[in-house]
Amino acid sequence: MSATPPNDRAADAPDAPEAPDAPAPPGAPGPALTVSEWSPGEDVIEVQRHPKPGATRSAWRAFRETARGLKTTFGRIGERPSTIQYPEEKVPVYPRFRGRHKLHRFEDIPSSGAQAGLEKCVGCSLCAAACPADCIRVVAAENTPENRVSPGERYAAVYEINLSRCIFCGYCEIACPFDAITMGHDYELSDYDRHDLIFTKEMLLAEPLERTPLRNEGE
Amino acid sequence: MSGAAHVALVGYYEPWWIQIIKAIVIFAVGLQLVPVVLIAERKLLGRFQGRYGPNRVGPYGALQPLADILKLLTKEQFRPTTSVGFLFALAPTISILTAVAAFALIPFGNTQDIFGTKVGLYGVDVSIGPLYLFAFGAVAFYGIMLGGWSSGSKYSFLGAMRGAAQLISYEVSQGLALLGVIFTAQTLSLTGIVTAQKGMWYFIPQFVGFLIFLVAGFAETNRAPFDLTEADAELVGGYNTEFGGGRFASYYFAEYLNVLVVAGIVTTVFLGGWLLPFGIHPPGWVDPFVVLFKMSLITFLFIWIRATLPRLRYDQLMSFGWKVLLPLATLNALVTAIVVVATD
């Protein structure tokens with residue numbers, strides 16, 4: 001609406017804008033019609049502006065930008081693909097990666113004396129109490145001199161972790177007073193049946209068949 | 001420009017039995033080249049994007065296109081209930097037929113003396129080469145249009161409409177771009193055009209025409225950045241959304257054969273066909289390999305462009321075709337005509 005009166009005046013009197021001392025209304029034809037350049041502050045070094053109109057310039061610009069894009073993609077040919085071919089090639093995990101749980105035994109070395117080879121778990125159920133997903137089930141039983149499973153008074157007769165419920169938060173590891181349960185590095189935990197994801201004590205105590213590659217320091 | 005000595009065999013026709021053999025050979029060669037282009041495209045696109053591409057089937061994934069084709073051919077011939085049955089079956093056939101027919105035009109070499117018989121290493125050397133090409137290009141448009149329409153699906157129809165508008169827009173520029181070459185060579189036979197490039201390949205004097213033809217070729221084959229007919233993000237699959245199995249395979253095959261045809265035509269018309277630079281004259285059996293090498297360069301360019309440029313918006317496509325390419329092509333033809341007349 002505001003642009004129409006100056007345009008009408010320009011059509012009526014084409015020589016009007018040429019008069020230098022005529023008071024130019026805002027948006028009047030002549031020099032005032034050029035695109036107003038927004039002046040940035042002095043701390044702004046470079047301002048990206050829209051491309052200046054012009055057939056030759058814009059054609060050259062389109063050509064140049066296309067060539068730049070082609071150069072960029074061509075440079076990628078010689079590079080090594082960043083794909084990791086998963087089943088054959090595994091990403092190494094960090095040492096503190098929280099994977100599938102492991103139950104531990106005392107190491108079977110002479111220095112550990114009478115404890116050698118015994119299970120560390122004493123069946124206290126602190127891990128089950130700490131578990132926010134309620135996926136650990138512990139049933140404790142008394143140790144007897146004939147059947148000594150753990151060095152403590154009791155041992156875990158049943159120790160099950162339902163891995164389809166587990167959220168891998170690691171609270172069980174923190175709750176355990178004997179470091180009997182830790183989070184391992186195993187993360188390939190898919191199965192065909194949910195029942196197969198309930199890991200028993202024997203499965204948790206067993207050494208993994210295939211070790212997950214571990215990331216080295218600083219890698 | 002064109003001396004009488006080397007145009008002597010232009011428009012040469014062999015006996016009928018050689019023509020039949022040649023037809024079979026051309027079809028077989030085209031059939032073998034398409035899977036090569038398929039795997040080359042997928043591998044190269046992978047490399048351009050920092051990944052491997054198919055690498056499971058066969059050594060380095062080389063058998064991937066075979067697996068794909070086998071999978072498609074053993075699938076059910078599905079047909080939507082809303083489709084127009086007869087045309088639905090016919091449309092992919094039209095596409096593949098026109099692609100193969102246009103492929104017959106590409107000269108892979110001069111007439112050779114094979115066992116005492118003169119055989120031209122091309123399907124057919126018609127005296128109306130480019131016209132034949134554009135005629136089949138125009139019929140190929142029916143393959144897309146009927147395919148999209150007879151599917152009875154909105155996406156297919158939209159894709160087909162886009163394809164139709166695009167083909168019509170860019171065919172004009174493509175034809176005009178070729179006019180400059182025809183003026184210069186003063187023949188419509190493609191072997192004649194090649195032999196007329198003995199002195200200098202036409203992509204140097206006809207550089208603008210070369211660029212226009214190439215760009216229009218991208219549009220004619222519905223390749224990126226002009227692949228609006230099958231803009232997957234908007235139209236699912238474009239005109240071939242409803243097609244599956246062997247019919248989809250036909251469309252797929254036709255698309256890549258069209259890429260080869262455009263590469264072959266560019267090679268023939270602008271890159272000197274089977275001629276080698278610096279006055280090298282190899283024996284006749286090398287000619288097809290020279291042509292194939294040049295074709296593979298153009299095909300590489302097709303893939304490279306696909307990996308680089310994003311798809312155009314529809315209005316950009318139209319304004320580029322009508323406001324940039326068409327005036328440029330007209331100007332190119334006009335200037336060439338004036339130069340040819342002035343220097344003749």
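At what angle do helix α9 (residues 245-270) of chain B and α10(B) pack? The angle is about 120°, and the axes are 8 Å apart. Axes here are lines fitted to C-alpha atoms, for helices over the stretch in contact, and angles run from 0 to 180 degrees between N-to-C directions. That makes α9(B) oblique to α10(B). The classes go like this: under 35 degrees is roughly parallel, over 145 roughly antiparallel, 65 to 115 roughly perpendicular, and the rest oblique.

A word on the source. This is a predicted model, where local features need pLDDT of at least 70 and side-chain atom pairs count only at pLDDT 80 or more, while totals for chains, interfaces and linings use all residues. Residues are numbered from 1 along each chain as its sequence is written, and chains are lettered from A and ligands numbered from 1 in the order in which they are written.

Among the residues making the contact are B:Leu260 and B:Ala263 of α9(B), and B:Met295 and B:Ile298 of α10(B). Contact means C-beta atoms, placed from the backbone, within 7 Å. By class, this contact has eight nonpolar, three polar and one charged residues. Nonpolar covers Ala, Val, Leu, Ile, Met, Phe, Trp, Tyr, Cys and Pro; charged covers Asp, Glu, Lys and Arg; the others, Gly among them, are polar.

Now chain B as a whole. Chain B has eleven helices and two strands. Those are DSSP runs, numbered from the N terminus: helices are H or I with at least four residues, strands are E with at least two. Of its 344 residues, 48% count as buried. Buried means 20 or more other C-beta atoms within 10 Å of the residue's own, again placed from the backbone. The C-alpha trace of chain B spans about 60 × 50 × 45 Å along its principal axes.

Next, the partner chain. Ten residues of chain B are in contact with eleven residues of chain A. On the chain B side, α1 (16-48) and α10 (287-308) each supply at least two residues. That side divides into five nonpolar, three polar and two charged.

Definitions and conventions: Two residues are in contact if their C-beta atoms, placed from the backbone, lie within 7 Å. A residue is buried if 20 or more other C-beta atoms lie within 10 Å of its own, exposed if 12 or fewer, and partly exposed in between; C-beta atoms are placed from the backbone.
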